[in-house]
Amino acid sequence: MYSEEIQYRRSPKAPFDRRGYAFLIDFVVVWIISSLVTNIILEFLIFTLLWLILRVIVVDKNKGQSLGNWAMDLKIVDLKFNRLPSLLSLTKREGIIALGGFLAMIGFKINFQDFLLMILFMTPLILDVLTVFTDDQYNQAFHDRISGTIIIQTKRGFSLDLRVKKLFSEAKKTWGKNRKNG
C-alpha cells in the first residue's frame, strides 16, 4: 500500500493560474451580491455569510468543489486523510480568505483614488496567496497550511479555462480573417 505522501505526489497539483481564476469566479459572485448593500458593516456580514455558504456549505455538499473550483476542475482535500475536509477545517480556511477577500473588495472600491490605501487593503490577500510560491511540494497558500488542506486537479469536467482559451483563439482567427478581407 502506498503511503499518503506518495499518494499526494501522484495527485496533480493545481496550477496557480487556475486557482486564481477559481477564486475570482467565487469572489465576483459574492462581491456583486454583497455590493448591493451600502452600509459597510452589513456589507461585511452579507459578504462573509455568502462566502461561507459558497465556499463551505457548497464545497461540503459538492465533494470539495465551489462554483469556481468546479469551473476550473479543482478540488479541496484534507492533507492528512486525502478526503473532503471537515466543516471546521473548511470554515477556518474560508474565514481567513473571506477576511482577505473583503479587505480586497474595499481596496477595489477605493480604486485608484488613493492607490496606497488600495494596496494596503489588498496586502493580506496578496501575502496569503504569495505563500503558494514558497511550497514546492503541495502549493499550499497560508489559509491551506492553517487548515491542513490542499487543492488538487480533478478529471476534466467543465474546463472553463480551456473553453475560454478556445473561444479567444477562434475570435482571434475570425478577427484576423476579417481584417485581411476588409
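Me: What span should H5 have, and what is the distance between its end C-alpha atoms?
Reply: H5 has 24 residues and should span 34 Å at 1.5 Å a residue, and its end C-alpha atoms are 34 Å apart, so the two agree. The expected span is 1.5 Å times one less than the number of residues. Helices (H or I, at least four residues) and strands (E, at least two) are DSSP runs, numbered from the N terminus.

Me: Where do these coordinates come from?
Reply: This is a predicted model, in which local features need pLDDT of at least 70 and side-chain atom pairs count only at pLDDT 80 or more, while totals for chains, interfaces and linings use all residues. Residues are numbered from 1 along each chain as its sequence is written, and side-chain values use heavy atoms, with hydrogens and water left out.

Me: What follows H5?
Reply: Asn111, with a positive phi near 55°.

Me: Which other residues have a phi like that?
Reply: Asn82 is one, with a positive phi near 55°, and Asn139 is another, at about 55°. Most residues other than glycine have a negative phi.

Me: Where is Asn82, and is Asn82 buried or exposed or in between?
Reply: Asn82 sits in the loop between S1 and H5. Asn82 is partly exposed because its relative accessibility is 31%; buried means under 20% relative accessible area, exposed over 50%, and partly exposed in between (1.4 Å probe, protein chains only).

Me: And Asn139?
Reply: That residue is in the loop between H6 and helix H7 (142–147). Asn139 has 19% relative accessibility, so it counts as buried.

Me: Switching topic. Which residues make up the largest nonpolar core?
Reply: There are eleven: Phe27, Val30, Phe47, Trp51, Leu54, Ile97, Ala98, Phe102, Met105, Ile106 and Ile110. A nonpolar core is a set of buried Ala, Val, Leu, Ile, Met, Phe, Trp, Tyr and Cys residues joined through side-chain atoms within 4.5 Å.

Me: Which helices supply them?
Reply: Helix H2 (16–34), helix H3 (40–61) and helix H5 (87–110) each supply at least two residues. H5 gives the most, with six.

Me: What does Val30 touch?
Reply: Apart from neighbours within four places in sequence, Val30 is in contact (heavy atoms within 4.5 Å) with Phe47, Leu50, Trp51 and Leu54.

Me: How many residues are in the second core?
Reply: Nine, in a separate core that includes Ala14, Ala22, Ile76 and Leu90.

Me: What about pockets?
Reply: The largest pocket holds about 500 Å³ of space. On a 1 Å grid over the protein atoms alone, a pocket is an open set of points where a 1.4 Å probe fits, with protein on both sides within 12 Å along at least five of seven lines; lining residues have an atom within 4 Å of a point.

Me: Which residues are closest to its centre?
Reply: Of the 24 lining residues, Arg19, Gly20, Phe23, Leu24 and Val129 are the closest. H2 gives the most to the lining, with eight residues.

Me: How does the lining divide by residue type?
Reply: It divides into 18 nonpolar, three polar and three charged residues.

Me: Is Asp78 buried or exposed?
Reply: Asp78 is buried, with a relative accessible area of 10%, and Asp78 lies in strand S1.

Notes: Points joined across faces, edges and corners; volume = space filled by probe spheres on them. Nonpolar A, V, L, I, M, F, W, Y, C, P; charged D, E, K, R; others polar.
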